[in-house]
Amino acid sequence: MNSAPSTQVGEFRNGLRTWLEHHDLSAPPGGTLDDQVAQLNRVRRALYDADWMRYGWPVEVGGLGGPAVLRAVLGEEVATRGLAEPGIYSMIEVLAPTMISYARPELAAAMVPRLLSGREQWCQGFSEPGSGSDLASLSTRAEPRGDDWVINGQKVWTSLAQYASRCVLLTRTAPGHDGITAFFVDMDTPGITVRPLRTMHGIDEFAEVYFDDVVVPGDRMLGAPGDGWRLAMDLLPYERSTCFWHRIAYLFSCLDRLLAETEIPDDGELGAAYLALHTIRCRSHRTQRRLAEGAKLGPETSIDKVLLATAEQQLFDTARDLLPGVIELSESEWRTEFLYSRAATIYGGAAEIQRNIIARRLLDLGKE
């Protein structure tokens, strides 16, 4: 990756690899979601204490500075070594930049180190039962009461809400896009109820979150009233750059595992899966470079989302075909991964929505 001087990135990667070889952060085999979250906290704390987690983050929030690409390198090593589940590890790349950009500087300085160090988990309260990929239709309301705001509504598909100490929450304060306002909410505030959701791959990763007369101090607003839509749009480049890079690294490690387990390593289906992964990695590399150069990312990241979802599903379809019965008849990790991949075209922006964005905003094909 050339978004920072190659010697700096190379030295960072080599030093990190040497450190990891001398510090065993490997995850215990199997385990529940509770175990995964505990392992995530363990990994973050160790990497933070050794300063690796602090590189690429601003000094103002406890970081050590340097280019953001160093965070991508760190996440790649974590993902390929299986130290932490890449999806929940990468949430830091969505939530911390949002706080840095929109929170009061003193609030960001106090809170971001808690996330980086594994002392806390945070969650993202965007989707609602009637408002998933269409954030403009959200209905959770925030109404002023003196210096505070009172929030009522419901969120759904909120990852790790049952473990979270804080939530970056979108609410409606007025009609339209300009009527969406974001808050940084303490999850132990009275009136918040969290109900985990069991998905078909057997893990309670998501949750419903109910807000009943939840009082939030005015100084916990992120940005100004009406900045919520802009916050959400600024968040997407982080979700589709460093987070995707981590995910792609993990999927390549799954492909290596499939190659080791299959009896027909020269099968054309494997080649097609590799090509799909290589394509999204090349695309993600370009996105990472543009972000590092300070470019403003926009609707073109929908291409990244479509390519990643396609590659992920193709990889695990290939695993199903080349490992007969493993997915259908066993409780293996392949089964869990295959079932999770079915949601790849839904979470983070449904494929249909992304293709509409590409058609309308990149290809200028109009609304029909």
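Predicted model: local features only at pLDDT ≥ 70, side-chain atom pairs only at ≥ 80, totals over all residues.

Residues are numbered from 1 along each chain as its sequence is written, and side-chain values use heavy atoms, with hydrogens and water left out.

**Helix α6.** Select residues 105–116, the 12 residues of helix α6. Helices here are DSSP runs of H or I with at least four residues, and strands are runs of E with at least two, numbered from the N terminus. The expected span is 1.5 Å times one less than the number of residues; for α6 this gives 16 Å, which agrees with the 16 Å between its end C-alpha atoms.

Next, select the buried residues of α6 (buried: under 20% relative accessible area, 1.4 Å probe, protein chains only), including Leu107, Ala108, Met111 and Val112. Among the elements that cover the buried residues of α6 are α2 (33–49), α5 (92–102) and β4 (166–172).

Gly118, which follows α6, has a positive phi, near 80 degrees. Now select Glu120, in the loop between α6 and β1. Is Glu120 buried or exposed? Its relative accessible area is 9%, so Glu120 is buried. Its contacts (heavy atoms within 4.5 Å), leaving aside neighbours within four places in sequence, are Arg44, Arg114, Leu115, Ser165 and Arg166.

**Met99.** Finally, select Met99, which touches Leu107, Ala108, Met111, Val112, Trp122, Phe184 and Leu222, not counting residues up to four places away in sequence.

Methods. Buried < 20%, exposed > 50% of the residue type's maximum accessible area, 1.4 Å probe, protein only.
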